[in-house]
Amino acid sequence: MDFMTALDIGASGLKAQRATLNVISMNMANIRTTKTLEGGPYQRKSVSFESSPVYSPFDEAMHSQLNRDLHGVKVLGVTADQRPFKQVYEPHHPDANEFGYVYYPDINVVEEMTYMMNATRGYEANVQTIESVKQMFNKALQIGV
């Protein structure tokens, strides 16, 4: 594996964790949203990932067997969670139904914070990987001088 491939793998991880953090922040910002453009309460969202090869098929044919199975990560998409909404009795709320209940998204702050800490640590690990690759590249340049 060369330096640029290692950087590509680290960058794919950074993009994936950034997407996760964006979705988590969106969930946290909409924790009390009772009405969206689609109608109804906000639905919690999550990110789906997929392993993706670093090399194109042509590149795979030109590299050694050791480099052939290198994979990064890519974001497949953002999916809406299918949890049922929370019912809260608030008869004076403008979005209350005829029985006085308001539907809120089922978003748990502790759960979201745990996901956020996990994504942050994943992001930090990818940053450290890229920093290590840069240090190795600089050392290789110094050896050549």
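## Close-up views of salt bridges and a nonpolar patch

**View 1. Arg83 is partly exposed, with a relative accessible area of 26%.** The model is predicted: local features need pLDDT of at least 70 and side-chain atom pairs 80 or more, while totals for chains, interfaces and linings use all residues. Residues are numbered from 1 along each chain as its sequence is written, and side-chain values use heavy atoms, with hydrogens and water left out. Exposure classes are buried (under 20% relative accessible area), exposed (over 50%) and partly exposed (in between), with a 1.4 Å probe and protein chains only. The side chain of Arg83 meets that of Glu111 in a salt bridge, at 2.7 Å from N to O. This pair links distant parts of the chain, 28 residues apart: Arg83 in the loop between β2 (71-80) and β3, and Glu111 in helix α3. A salt bridge here is a side-chain nitrogen of Lys or Arg within 4 Å of a carboxyl oxygen of Asp or Glu; helices (H or I, at least four residues) and strands (E, at least two) are DSSP runs, numbered from the N terminus.

**View 2. Arg44 and Glu112 form a salt bridge, at 2.5 Å from N to O.** Because Arg44 lies in the loop between α1 and β1 and Glu112 in helix α3, the pair ties together parts 68 residues apart in sequence. Arg44 is buried, at 9% relative accessibility. Glu112 is also buried, with a relative accessible area of 1%. Both residues belong to a network of salt bridges that links Arg44, Asp81, Arg83, Glu111 and Glu112.

**View 3. Glu90 and Arg32 meet through their side chains in a salt bridge, at 3.7 Å from N to O.** Glu90 is in the loop between β3 (86-89) and β4 (101-104) and Arg32 in the loop between α1 (3-29) and β1 (45-53), so parts 58 residues apart in sequence are tied together. Glu90 is partly exposed, at 22% relative accessibility, whereas Arg32 is exposed, at 53%. A search of the whole structure finds eight salt bridges.

**View 4. Phe3, Met136, Phe137 and Leu141 make a nonpolar surface patch of about 370 Å².** Patch residues have over 30% relative accessible area and no salt bridge; like charges are joined within 9 Å, and nonpolar side chains (Val, Leu, Ile, Met, Phe, Trp, Tyr) within 5 Å. Areas come from the Shrake-Rupley method with a 1.4 Å probe, and for residues only the protein chains shown count as cover. Helix α3 (residues 109-144) gives the most to the patch, with three residues. Met136 is in helix α3 and is partly exposed, with a relative accessible area of 48%.
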